[in-house]
Amino acid sequence: MTSPTAGPVFATENLLTDNPALYERTFPDTGERNARFVHDLVTEFGSAPGDTAPRLLDVGSGTGRDAAHLATLGYAVSAVDISPRMVAYARAKYPNVAFEVGDARLVEAPEPVDVVTCLGSTLLHLHSTADVVAALHRFASCLRPGGLLVMEMRNGAFLLTDRGRRELLDEVSVREIDWEGVAYTSRTTLSLDLPAQLLRRRREWTWAGGGPIAQDTAWRLLFPEELRYLLRSAGFEPLALFDEPGPLTDPAWPADGVRSTALTGDRLHVVARRPDRSGTR
């Protein structure tokens, strides 16, 4: 998206979403692990939509890797992301998937879909409870009766454990990334904002001839029982909450096929259904 001589783009508070190619260098992934995770859960909890390909809406699609891989598994995929630069990058790279700029709190589907996915802690970038609830209501409105919501995010309860506080609050994460012939270094620290119920992140970038650039973002901390309540308030029936295995856990999905409901791990995985009041799914 940029040339070495031009340097990275600074359009928002997040260097990685402003520069999707740098994002993919920082977090190399094919989308296969997330797609398999979603597909396995839809196979277990979902219902066949008939002879047509199941319709899937991916909210927070980023560079489009998950959406593109889900399309190869037979889903009719549409996707939205709030970053125009991410959407432009995804459209250019995966022209067979419909990517649109969109806000989770306002998202709509032209016709009801069978599955809504919201992965990578996308929901947690909404910091107020009102915004989280608004997004969940929009997800429900996009689904057909009996349709499934699959989410993957940070687990607020992890910070209640000694391991969670040690790993998240006491360590500095350092990454070194070579992109377009330039070596970038990021140093990331996390801190708690208890009144706002946020996990705040400061990421400082340096590179030859540039920086330091400090950028601040945050995730809303949602706890399992709180999330169950919010899902029910939005009209969902929670079907499964588990911390592991998942796409980002070790061992990774599907591991031994047994899902842990201790909910003390770093990740929280959610399957919920929009109930079909007609008595069919």
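Me: What share of the contacts in the protein chain with a separation of 6 or more is accounted for by residues 24 or more positions apart?

Reply: The model is a predicted one. In the protein chain, 62% of the contacts with a separation of 6 or more join residues 24 or more positions apart.

Me: What makes the protein chain as compact as a globular protein of that length?

Reply: The chain comprises eight helices and 11 strands. Its radius of gyration is 19 Å, and the globule rule gives 19 Å for 281 residues; the two values are close, so the chain is as compact as a globular protein of that length. Along the principal axes, the C-alpha atoms fill a box of roughly 65 × 45 × 35 Å.

Me: How much of the protein chain counts as buried, and what area does the chain expose?

Reply: Of the 281 residues, 49% count as buried.

Me: How many positive and negative side chains does the protein chain have, and how far apart are the centres of the two sets?

Reply: There are 30 positive and 37 negative side chains, with the centres of the two sets 2 Å apart.

Me: Why is Arg220 called buried?

Reply: Buried requires a relative accessible area under 20%. Arg220 has 4%, and therefore counts as buried. Arg220 belongs to strand 9, which covers residues 210–220. Beyond four places in sequence, the residues that Arg220 touches include Leu124, Leu126, His127, Ala196 and Leu198.

Me: How do you know that the side chain of Arg220 makes polar contacts with the side chains of Thr129 and Glu226?

Reply: The cut-off for a pair of N or O atoms is 3.5 Å. The contact between the side chains of Arg220 and Thr129 is at 3.1 Å, and that between the side chains of Arg220 and Glu226 is at 3.0 Å. Both distances fall within the cut-off.

Me: Why does Arg33 count as partly exposed?

Reply: Partly exposed lies between the limits of under 20% for buried and over 50% for exposed. The relative accessibility of Arg33 is 39%, so Arg33 counts as partly exposed. Arg33 is located in helix 3, residues 32–45.

Me: Which residues is Arg33 in contact with, leaving aside its neighbours within four places in sequence?

Reply: Arg33 is in contact with Pro247 and Leu248. Although Arg33 and Pro247 are 214 residues apart in sequence, their C-alpha atoms are 5.7 Å apart in space.

Methods:
Residues are numbered from 1 along each chain as its sequence is written. This is a predicted model: local features need pLDDT of at least 70, side-chain atom pairs count only at pLDDT 80 or more; totals for chains, interfaces and linings use all residues. Side-chain values use heavy atoms; hydrogens and water are left out. Helices (H or I, at least four residues) and strands (E, at least two) are DSSP runs, numbered from the N terminus. The radius of gyration is taken over C-alpha atoms; the globule rule is 2.2 Å times the number of residues to the power 0.38. Buried means under 20% relative accessible area, exposed over 50%, partly exposed in between (1.4 Å probe, protein chains only). Contact means heavy atoms within 4.5 Å. Lys and Arg count as positive and Asp and Glu as negative; His and the chain ends are not counted. The place of a charge is taken as NZ of Lys, CZ of Arg, CG of Asp or CD of Glu. A polar contact is a pair of N or O atoms within 3.5 Å; within protein, one must be able to donate a hydrogen and the other to accept it, and residues adjacent in sequence count only if both atoms are side-chain atoms.
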